[in-house]
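Hello,

Here is the structure I promised to pass on to you. Have a look at it, and then read on for what turned up.

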Amino acid sequence: MKILVVCLGNICRSPLAEGILLHMAEKKKLDIVIDSAGTSDYHIDEAPDARTIANAKKHNIDLTPLRARQFKVEDFDEFDKVYVMDKSNLQNVLKLARNEKDKQKVDLFLNISHPNGNMEVPDPYFGGEAGFENVFRLVWNASEKLTDQF
Ligand code: 4NP
């Protein structure tokens, strides 16, 4: 199983999801591939946001090796599932879908923990520290649900 998590910048929400999923996959000894990407080109090759790194570190998750990349259409071929963090990411990814098969791979990440809820992981970039902890909790809970499926 190959899973791609996607947000706007690939420096806050999706690298956190990648780090949490890798942490859980290792703990639960799962044979899954995880990667993350951003729909924008704003932060290509950058490490995750310092506030995201600090928040993850509090929970014993190291995001420092990760580097941002942009989502590309070939990701539809490479991955079985593409989970997006918010509805804007959803629109941007669906715009690149070439066919129905591509579209079927895409879903909101929080639909894992809240089926059909169509909830978003809020963008923490322009907010305070509480926003990062809120993102952590939302992403952690959905990641537990997802990794329990395998
Ligand atoms: P992310 O957060 O999509 O969770 O990585 C953001 C990072 C950067 C920007 C917006 C959101 N930005 O506008 O640069």
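How far does a polar side-chain atom of R13 lie from an oxygen atom of the ligand? The distance is 2.7 Å, which falls within the cut-off for a polar contact (a pair of N or O atoms within 3.5 Å). The side chain of H43 also has an N or O atom 2.9 Å from a ligand oxygen, and for D123 the corresponding distance is 3.4 Å. The protein covers 91% of the 360 Å² of accessible area that the ligand has on its own (Shrake-Rupley method, 1.4 Å probe).

Before going further, please note that this is a predicted model, in which local features need pLDDT of at least 70, side-chain atom pairs count only at pLDDT 80 or more, and totals for chains, interfaces and linings use all residues. Residues are numbered from 1 along each chain as its sequence is written, and side-chain values use heavy atoms, with hydrogens and water left out.

Around the ligand (a heavy atom within 4 Å) you will find C7, L8, G9, N10, I11, C12, R13, Y42, H43, D123 and Y125. This shell divides into 6 nonpolar, 3 polar and 2 charged residues; Asp, Glu, Lys and Arg count as charged, Ala, Val, Leu, Ile, Met, Phe, Trp, Tyr, Cys and Pro as nonpolar, and the others, Gly among them, as polar.

There is also something to see in the lining of the largest cavity: C12, L16, T52, N55, F132 and V135. By class, that lining has 4 nonpolar, 2 polar and no charged residues.

Best wishes

Terms used
Polar contact = N/O pair within 3.5 Å; in protein donor to acceptor, adjacent residues only side chain to side chain. 1 Å grid on protein atoms, 1.4 Å probe; cavity = no way out; pocket = protein on both sides within 12 Å on 5 of 7 lines; lining within 4 Å.
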